[in-house]
Amino acid sequence: MTRYTPAELEAARDRLVPDVAADGLQVLFCGINPGLMTAASGHHFARPGNRFWPVLHLSGFTPRLLKPSEQGELLSYGLGITNVVARASARADELSADEYREGGRLLAAKVERLRPRWLAVVGVTAYRAAFDDRRAAIGPQERTFGSTRVWVLPNPSGLNAHWTAATMAEEFGRLREAAQA
């Protein structure tokens with residue numbers, strides 16, 4: 001694991017992390033926004049305590065545990081990654097309501113252009129803020145973007161103590177089954 005100095009992490013606030021995306025994916029996963037370690041490394045979900053990569057594997061989406069630096073391999077499995085908000089921050093609570101709404105608008109346009117089968121937003125709070133849907137809960141949503149269905153997944157951040165890796169993997173697995181049906 002690469003170690004970054006506080007100055008390197010702070011400088012990462014200005015970096016954009018490119019999407020891992022292509023037309024017609026099975027599932028386009030959508031994070032809240034890049035953390036500073038993700039921005040510094042250029043790899044999604046790069047913070048060591050983030051459970052995205054282990055849960056992706058435990059749920060059966062990938063045949064082995066991928067490292068963040070191997071994110072490009074997701075495309076071969078029909079998977080991709082983007083974010084609601086492109087701006088990197090140390091914490092999601094640094095984002096404004098306007099950033100979430102604008103991010104939701106841009107995400108909807110991206111999804112309509114890329115046409116994945118499913119958009120999977122990791123974090124119910126981010127989904128609620130981006131799409132002004134206060135009643136959204138974990139699981140499939142009624143909302144669609146063109147032909148793309150939407151599933152809200154638990155936030156894999158290590159700070160999310162409400163979900164274990166095992167219970168997250170169960171929910172990710174429900175999405176995997178729906179995507180393969």
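Figure 1. Arg-174 is partly exposed, with a relative accessible area of 41%. In this predicted model, the side chain of Arg-174 forms a salt bridge with Glu-171, and the closest N and O atoms lie 2.8 Å apart. Glu-171 has a relative accessibility of 7% and therefore counts as buried, the cut-off for this class being under 20%. Both residues belong to helix α6 (residues 165-180), where a spacing of three residues places them about one helical turn apart. In an α-helix there are 3.6 residues a turn, so residues three or four places apart point the same way. Helix α6 itself lies across β1, β3, β4 and β5, and runs at about 165° to β5.

**Figure 2. The salt bridge between Arg-101 and Asp-98 in helix α4.** The side chains of these two residues meet in a salt bridge with an N to O distance of 2.4 Å. Arg-101 and Asp-98 both lie in helix α4 (residues 97-114), three residues apart, or about one turn of the helix. Arg-101 is partly exposed, with a relative accessible area of 44%. Asp-98, at 54% relative accessibility, counts as exposed, since the exposed class begins over 50%.

**Figure 3. The salt-bridge network of Arg-64, Glu-70 and Glu-73.** These three residues are linked in a network of salt bridges. Arg-64 has a relative accessibility of 33% and counts as partly exposed. The count of salt bridges in the model comes to 10.

**Figure 4. The five-stranded open sheet.** The strands of this sheet follow the order β2-β1-β3-β5-β4, and their pairing is mixed. β2 (79-83) and β4 stand at the edges with a single partner strand each, so one side of each has no neighbour in the sheet. On average, neighbouring strands are turned by 25° against each other, direction ignored.

**Figure 5. Strand β3 and its two partners.** Five of the five residues of β3 (residues 118-122) are buried, so the strand is largely enclosed by the rest of the structure. Trp-118, Ala-120 and Val-122 point one way from β3, whereas Leu-119 and Val-121 point the other way. Strand β1 (residues 27-31) pairs with β3 in the parallel sense over four bridges, and Leu-28 stands opposite Leu-119 in β3. Strand β5 (residues 148-153) also pairs with β3 in the parallel sense, over five bridges. Trp-118 stands opposite Arg-149 in β5, and the bridge partner of Val-121 in β5 is Val-152.

**Figure 6. The buried face of helix α5.** In helix α5 (residues 124-131), the buried residues include Val-124, Ala-126, Tyr-127, Ala-130 and Phe-131. Seen down the helix axis, the buried residues of α5 fall within an arc of 160°, so they line one face of the helix. The elements that cover these buried residues include helix α4 and strands β3, β4 (139-145) and β5. After the helix comes Asp-132, whose phi is positive, near 50°.

Notes
Residues numbered from 1 in each chain as written. Predicted model: local features only at pLDDT ≥ 70, side-chain atom pairs only at ≥ 80, totals over all residues. Heavy atoms only, no water. Buried < 20%, exposed > 50% of the residue type's maximum accessible area, 1.4 Å probe, protein only. Helix = DSSP H or I, 4+ residues; strand = E, 2+ residues; numbered from the N terminus. Pairing = 2+ DSSP bridges. Salt bridge = Lys/Arg side-chain N within 4 Å of Asp/Glu carboxyl O. Arc of directions from axis to C-beta. Contact = heavy atoms within 4.5 Å. Axes fitted to C-alpha atoms, helices over the stretch in contact; angles between N-to-C directions.
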